[in-house]
Amino acid sequence: MRNWITRFRARPAQAQPAPPATLRSDRFRQAREGDWRRLEAIVTAVEKGRLRRLSDADLLDLPVLYRQLASSLAVARETSLDAAALAYLEALAQRAWFITYGPRENFRGWFMGFILGGWSRAVRAIRFDIGIALALMVAGVMAGWMMVAHDPSLYAMLAGQDPQRNPGASAKQLRDTLFGGQDQDALAAFAAYLFGHNAQIAILCFALGFAIGLPSVLLLLQNSGMLGAMLWLFHGKGLLLDFSAWIAIHGTTELFAILLAGAGGIHIGRAIAFPGEFSVMASTAAAGRRTAPVMLGVVLMLLVAGMLEGFARQLIDATPQRLLVGGFMLTFWLVYFFVFGARK
Amino acid sequence: MSPQSHLRPDQREIVTPEGLTLRLTLAGRSARLGALAVDLACIGAILLGAVLALVYTQSGLGQWTKRPDARHAAQFLFILWTALMFLLRNGWFLIFELGPRGATPGKRMLGLRIAARDGARLTTEMVLARNLLRDIEIFLPMIAVFSALGSSMAGGPSAGMVNWAAAGWFLLFALFPLFNRDRLRAGDMIAGTWVVEAPRARLEQALSAKPDAHEAPPDYAFGPAELAVYGEYELQTLERVLREGHHDAMEAVAHAICAKIGWNAPQGEEVRRFLDAYYTALRARLEQGLRFGRRKMDKFDGAGR
């Protein structure tokens, strides 16, 4: 009876009686085959995401088994001509290598590190490009203002056709666009729409950095030119401060995010155009890895900006409070990016 | 013998930190297109299901329009829809590639995965970077082409031209993998990754150690001259023929060998035993040469003689 049980237990291991081997390479293989099969079982379990079913001993042995396999493969390549066994070893070594050198931590762990310093570090790493993007945006605002001041008919080209906001509108009409939105209904839906739209534009602005950064620059200029034209319009009717507050409550977050996305695009464009001492491929890959966390942060910032624009701007209906919220957000982002964790 | 010499054009070697060279096979462009099609089909199916569910819920809400709650419910549905669209467009590939298999369902189905190009660890930053560019490589080209098709059918030629120019510009990004040796997408280039075949191989029984190969003592004795005519290439071909086990092919091979070494060709059941014995003897000889540093690549290679 006991004999039967032990045999039953032994079955999954597929212990076949090993025939006597005549070739040296077959003896080599027979001596190690058990370890190979054990590694294969562990690797398969990890690949299928069944980590919980693995015992601690298996997980602890994984690196050891992988190194043994690596040395088996190195020996087999030089001594064995069994093509099937070699193919198996090559494949298993690759799979085990993917597991051993796969992502070290899960996304949650990575995300915690990202919030607690990784994000700030990534932003600081591209501060030169942030400077370029900021200069472009300031230039765009000034250019937009000056173009419309020179010829008001350009307003429609820069900021689009709008029945309410146009050079022909009265001060009261313009004022009505800034205040009195709090009785609106669908605020949350509005916020969700704004987020989706802005995030897609920001990702586009970053991704187009791949075309040597020029489309990113154009997108930055276009957006800030539109802002400059609108500033001129409201300035003409004495509403500059009210308009600035209306923009600032979410704009300090949203424009900051667009600034960062543009800076990321410019960073990649610079890495492609001027790789310096590295190859273009190495320089581009390094730039992409540096800026990817910035972009995740940009999406989070636009989520915040969408809520500020959808809720806070409609619910807070006075200029000083709007400025206060906008100023607080700007201070928060600046401290978080450039002061938080900078000394480490 | 340089390690590069026996690489196929679609194979790349990387050196792991342990000093082991691994041979990766780049994923074929058609396989990657197939994987993308599977993923897009999954996304489309989810979208279709979501649309049906939303329409059904919305039509249910229609009966309650008198009540103010219905408005809030509709708003909630809209937010749900926006979030789902954003996640499907940007998150589908990202979330799956962050997993232990480094592959979306489509890639998994076609046996592909992503890996770091420098042989180091695949990091979260890399997966993020390669998927941030997907928008300009897949979705925008699709939108641009469709809108160009639509406008050239509906509108005048000038509007069509502008749209086609935009579509052509976006297609440059979409077709990027066709124009480089490593079949990199723009996202792969930014992230320092590539797409490779996920290897799968079962451990086969060694032919030379088969139980039945030794039950009957081999009554063949091959001399050095009879084994010196072939090299590793022929050995591997012989192994493949033996593993496939088609009788006609084995008989043809046995004839060829016997013609070469001047023996009488075996018949019937004898063929398999002859080939097994010859395989074992040839492998023993070639492996012995290997241990002494003499490699005989094929029958034209004179080094082993």
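1. Which residues is Ala202(A) in contact with, leaving aside its neighbours within four places in sequence? In this predicted model, the partners are Ala257(A), Ile258(A), Ala261(A), Val298(A) and Leu302(A).

2. Ala202(A) also belongs to the largest nonpolar core, where it is listed with Leu69(A), Ala257(A) and Leu260(A) as having the most contacts inside that core. The core has 129 residues. Helix α11 of chain A, residues 240-273, gives the most to it, with 16 residues. A second core of 14 residues is separate, and includes Met250(B), Ala254(B), Ala281(B) and Leu282(B).

3. On the contact between the chains: chain A gives 64 residues and chain B gives 60 residues. On the side of chain A that touches chain B, at least two residues come from each of α2 (24-47), α3 (56-79), α4 (83-100), α5 (107-125), α9 (187-207) and α12 (280-315) of chain A. The largest share of that side is the 12 residues of α4(A). By class, the side of chain A that touches chain B has 42 nonpolar, 10 polar and 12 charged residues.

4. One helix pair across the contact can be described in detail. Two packed helices are described by the angle between their axes and the distance between the axes. For α12(A) and helix α5 of chain B (residues 124-132), the angle is about 75° and the axes are 8 Å apart. Because angles of 65 to 115 degrees count as roughly perpendicular, α12(A) is roughly perpendicular to α5(B).

5. In this pair, α12(A) brings Gly288(A), Arg289(A), Ala292(A), Pro293(A), Met295(A) and Leu296(A), which meet Glu125(B), Met126(B), Leu128(B), Ala129(B) and Leu132(B) of α5(B). The contact of α12(A) with α5(B) divides into eight nonpolar, one polar and two charged residues.

6. Chain B is made up of 305 residues, of which 30% count as buried. Its secondary structure comprises 13 helices and four strands. Of the contacts in chain B between residues at least 6 apart in sequence, 62% join residues at least 24 apart.

7. An unreviewed UniProt entry annotates residues 33-56, 76-99 and 161-179 of chain B as "transmembrane region". In the model, residues 76-99 of chain B are 88% helix and 0% strand, with 31 Å between the end C-alpha atoms. Residues 161-179 of chain B are 74% helix and 0% strand, and their end C-alpha atoms lie 25 Å apart.

8. Is Arg8(B) buried or exposed? Arg8(B) counts as exposed, because it has 9 C-beta neighbours inside 10 Å. The residue is in the segment before β1 (11-15) of chain B. Between the C-alpha atoms of Arg8(B) and Leu54(B), which are 46 residues apart along the chain, the separation is 51 Å.

9. Two backbone points deserve a look. Most residues other than glycine have a negative phi. Ile212(A), however, has a positive phi, near 50°. Ile212(A) is in the loop between α9 and α10 (214-236) of chain A, and counts as partly exposed because it has 18 C-beta neighbours inside 10 Å.

10. Arg183(B) likewise has a positive phi, near 55°. The loop between α7 (157-174) and α8 (186-191) of chain B holds Arg183(B). With 19 C-beta neighbours inside 10 Å, Arg183(B) counts as partly exposed.

Methods:
Residues are numbered from 1 along each chain as its sequence is written. Chains are lettered from A and ligands numbered from 1 in the order in which they are written. This is a predicted model: local features need pLDDT of at least 70, side-chain atom pairs count only at pLDDT 80 or more; totals for chains, interfaces and linings use all residues. A residue is buried if 20 or more other C-beta atoms lie within 10 Å of its own, exposed if 12 or fewer, and partly exposed in between; C-beta atoms are placed from the backbone. Two residues are in contact if their C-beta atoms, placed from the backbone, lie within 7 Å. Ala, Val, Leu, Ile, Met, Phe, Trp, Tyr, Cys and Pro count as nonpolar, Asp, Glu, Lys and Arg as charged, and the others, Gly among them, as polar. Axes are lines fitted to C-alpha atoms, for helices over the stretch in contact, and angles run from 0 to 180 degrees between N-to-C directions. Angles under 35 degrees count as roughly parallel, over 145 as roughly antiparallel, 65 to 115 as roughly perpendicular and the rest as oblique. UniProt positions are given in the numbering used here, feature names are shortened, and annotations may be inferred rather than shown by experiment. A nonpolar core is a set of buried Ala, Val, Leu, Ile, Met, Phe, Trp, Tyr and Cys residues joined through C-beta atoms within 7 Å.
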